[in-house]
Amino acid sequence: MKANELTKIFPHPSKDDTNIPLFANASFEMTSDQPNFIIGVSGSGKTTLFRIISSLEPINAGEIFLNELAIHHLKGRNKTKYLSSLGFIDQFPAKYLSLLLTVKQNMDYNLILYSSLQKEEREKRILETARNFEILHLLERKAIHLSGGEMRRLSLACNMIYNPSLILCDEPTSQLDDKTKELIMQSIYKMNELYDALIIIATHDMSIIGKNPTFKIVERRIEKWQ
Amino acid sequence: MKGFYYDLLGKRKLLFKVIIIIGLVSLTSFVVALLPQLINPHVLSKHLSGLYSDSEISAKENIYPDIEFHGHTNNPSFINNFNKTVEKASLDVFGIVQLKTLNLYTSEKALYLNNTPVDPYYDRVVLVGISTLFYNSLKAFSTDNVSSSGAMLLTEFENETLSTSLISVKEKNTTVCPNKIITYDNFNSNFPYFSNNFMFEISYWPNAYNTCYYPCFFFQIDEYIARFDDSITQNDEYYYLNGYLKFEEYQAEIVAWSIDSKTLLENFQTEIQISIYNLEPSAELSFLNVYIWSNIELIGTVYSFIRGLQITIWGFSLFIIVVAIAKMQDVNCNKKLRILFSGQKWPKRLISLFLESLLIVVLGVGFALLLIYPLLQFQSLFNIELVLTQANIIDVSIVSIVIFGTIFAVFLDFEFYLHRLIYKQSEEKHYKPFRKVPKYLYLVLILLVFLVLWLVNRNLIFLLVFAIFVIISLIICYLVVLFTRLLVYLSRKLYYYRKKKEDQQISPLFALLKMWKNKLNSKLLVYTLMLTIISTAFLYANFNADAQRTSFLWGTGGEIELQSSPLNTTEIELNLKNIPEIIDYTKLTNFYQFSNSSSSYDFALIDDDIAIVNGTYEGDRINELIGINSTDYLQFFEKWNKRSWLTQGKPQTIAENQIYVTRKFQEMGFGQGDSINILNNSLSFTIEGFIDVWPGITYSSSNSLQRYSIIMDYNLLVSILEDLQFDYSVYYKLHTSERDINSTVEKIVPMISQLGVSEINYLNPEVFSGIRHVFLRPIIVVVQLFILIWISLFIYSNIDGIHQNSDAKNLGLIAFNSDFRKPLKTYLLIEVFIIFSAFLILFGFLQGLSFIFLTGFGFMGIKTLIISHYTLFNILFLLLSYPILLLVQGIAEYFNLRRINLSLIYRHLE
């Protein structure tokens, strides 16, 4: 992903002639070699950046590309197609899962929605993904009966099962104990190895960043953080 | 399809609850569609027809047809086809033909020239042309029953002989030779409707005697035309037509008590006219009098009431459907977003929304249909009969389609909401249905509903009246709710400041009252609104019944009234004294304005003298001279409110030279203390007061303004009338307890034949329970439907599980520090108390309003209202049953909330 001179301005909620710039000529480049992290204080624009990357938020100036695809210009069917190629994980994965369905059914449902695979191919993909995320033994268990960590892994599996080109993670390790955090990060690293998807993680938790590429939003710019 | 299957499977618990809710509201909607069965024409006739005709027993039976015809033609030969014409019209318009009697005839008066009837005073004869069918009926009762046709003589005299008569018809002489005779006795007793109609017609001919039994010659119509056409139609004269129709009771009820009675009768008349025109273009026939139809206001009120109940229940049902589906979608919002992000094409999404709506409706309606039969059977406990007929299948279908449309509309609106949620961050986090629909569209929708209902009801006026009534009820309800909320708010503030002043902790109960403020306010509004509807109908039914009953009592002057000639008053009074059920009685004498005939006699006010005038006098006449024994009369009405009897003066004993007069005299310029003389100043009276509403004499203020009536001393009036040899009647007003009325009447009935009592009027309590019956039975059904609505709201409030409920979260906050069950119990009791108090305020206000409206503004024309024990019992029942229902719902809510688990409330879904 490459962003050049990204500018995003919001109108002031109460003063008509005043604008609030969020990003001003911000540029960055991310690759899929490793998971990419974005850090910044609350209100710095992490969520807005995710919306821009998802093409849900227009920009005032600049450009942003995913591979050759100009995200900032997407409209209509192209936009829909792009959205369907994204994966999204947040701190409440249960929101997007059907708790009364089994693990297998949840994965199957996502495959039906996001791909056009036939039944046998779906079965194969489910087994393969479940193995990758170490939830093979949980396939027949209802999602409501999973532990916190298991549910996070299911969420990751459901997002990766249809091979998205981009995964956006918003505080994926929030409210987890250290052991579970480690497990989740391992899953994410594994995800990065196995799938050719750009992974972007927004977080406050400095302990999970490690040596991965990290970008900090500061003073309306997005800078690589060492 | 697999995706659709997963979508439904993933929310199956939620879907199940929604289907139950849809089922319950469908059930209420179906049942409320059946409510018009409770006010079908036969029910209304049974329970309300007595309001328009007093219960009376007469010496002489009054025979009134339902419709009288009047018209003219150049050729009345179509009379033979008249019956078939009317039968066809009846079938076309009413869908039924049940005619008790029907006749059309033509008549012409003629003069005897040389024949000598038995009584030389009869110098005229009537020629009558009738149908062959009727002629044959008459033949069966005639003597000298010769098989051939020919003139039939109707005569008063049994021993009349058949002989040729020379008669003159419009100055053309001809002879008539009857070959059959029928006597008036036979004629009157076997053909009472024809007799009544015929005699009435004759009585209006100039110079007709009041009790005349003219000889009449009946001819079959074709022979009548053949013999008299030249005479009758000379100088382009017409044949004049008269007739009558009487329906059998079943059809009469349909004709008189349908909501569109007026239109049906107009159509009936039009169809008869068109058919007759096709038979004979010169014939013109119209309905002269329609006795059967006079109830349109009451019918309209009843139907509008039912329609109002239907609109309310359907409105509630639609509201619940919308919020339940909206809640389901909101709970499932993120799952729906997943579908949206997947890029599923809109036709596919539309189809899945359609299928989901269909599934919910089919299963919901199916559930409702399973329950409808037991629910309808349950109504038999209240003596209410509701059946699901083939005709109701259309209602069920329409309701189901509307429910489907509503669900689908909410689904579609939610799709637009999702779109806004994704692209506009300013969108609200929780879905509110139809938020973006412009407000004016709601107004258009309401107007559309009214338009549709008018097209169905065909009576916009009553619907508008009811709409105004509903708006007023809503305003009253809202004011009461505001007032109650203000009281609760002030109480809470007072408690809080007291605790703060004393530096004490606020109690968990107070915390609950504060946290559940909005919930209490909503509940207060909904419950009070439901009770406004029920109370208004309740009070209308009961007070209207009491007002009608009071009006009867004031009009008649007692529970029973007798009319008799003055000949046997001593024996009558002796008999009355021997009936123990009669608590008291009084009498008055009444001389009515007699008739317009030139040979009659009346009293008229000429300047300030009451003089006798004959039929040629063209001025206003005195309508009534009423004689009372004032001491006795006032004693009889001792317990009655006398405030409105007179506008000036107080009702008191009057001497022979004192009178009370109606307010019409005031218009003529008379004042209190002025003098009126009688019979060329032979006697002089002083006006002691002006009558407003005097029981047994005038029944409303407007009645007093329209009539010249004088109340004077009984003995003086009797002596005046007897000196003048004028006929007059004596009226006895009897007071008896309501339960003894029927048995007392039974004892009085023999006086009709034995003592010359001509009429007995009595209060029939069944009549006034009819109003209660008509209005309260639908309310009983509606109360049950409100309970079903409450159950559906209860399920709705727990739609996403008790632990996701905001109420549970509030309780959880309390549960961290102390036992939450005790404050919960107390809160629910306080809630019941507040809601019931609001109802008491509302009910008291509505009761006062009804009372003032009925008595203060003279709605019933009277200024007092006698509350019956039925009304008191009904009010007591309502005041006891409502708090019991409130307690039951409180208990249900307590058992639902007491089972919450803290660990489940404050646990993340992981």
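This is a predicted model: local features need pLDDT of at least 70, side-chain atom pairs count only at pLDDT 80 or more; totals for chains, interfaces and linings use all residues.
**A strand, its sheet and a chain contact**

Hi everyone, let's start with one strand: in E6(A), A:Leu86 and A:Phe88 point one way, A:Gly87 and A:Ile89 point the other way, and all of them are buried.

You can follow the pairing residue by residue. The bridge partner of A:Leu86 in E7(A) is A:Leu166. A:Phe88, in turn, stands opposite A:Leu168 in E7(A). There is also a helix to look for here: H5(A) lies across E6 and E7 of chain A, and it runs at about 170° to E6(A).

Let's zoom out to the sheet. In what order do the six strands of the open sheet in chain A come? The order is E6-E7-E8-E3-E9-E10, with mixed pairing. Our strand E6 (86–89) is an edge strand of chain A, and so is strand E10 (221–225), since each of the two pairs on one side only. From one strand to the next, the twist averages 20°.

Next, the place where the two chains meet. Chain A brings 20 residues to the contact, and chain B brings 20 residues as well. Which helices of chain A each supply at least two residues of the side that touches chain B? They are helix H2 (76–83), helix H3 (103–114) and helix H5 (148–160). The most comes from H3(A), which gives five residues to the side of chain A that touches chain B. By residue type, that side of chain A divides into twelve nonpolar, six polar and two charged residues.

To finish, let's hop over to chain B and pick a single residue, B:Val255. You will find B:Val255 in helix H9 of chain B, residues 249–257. Is B:Val255 buried or exposed? B:Val255 counts as buried, because it has 25 C-beta neighbours inside 10 Å. Leaving aside neighbours within four places in sequence, B:Val255 is in contact with B:Phe94, B:Phe247, B:Ser261, B:Leu264, B:Leu265 and B:Ile292.

Definitions and conventions:
Residues are numbered from 1 along each chain as its sequence is written. Chains are lettered from A and ligands numbered from 1 in the order in which they are written. Two residues are in contact if their C-beta atoms, placed from the backbone, lie within 7 Å. Helices (H or I, at least four residues) and strands (E, at least two) are DSSP runs, numbered from the N terminus. Ala, Val, Leu, Ile, Met, Phe, Trp, Tyr, Cys and Pro count as nonpolar, Asp, Glu, Lys and Arg as charged, and the others, Gly among them, as polar. Two strands pair if DSSP finds at least two bridges between them. Axes are lines fitted to C-alpha atoms, for helices over the stretch in contact, and angles run from 0 to 180 degrees between N-to-C directions. A residue is buried if 20 or more other C-beta atoms lie within 10 Å of its own, exposed if 12 or fewer, and partly exposed in between; C-beta atoms are placed from the backbone.
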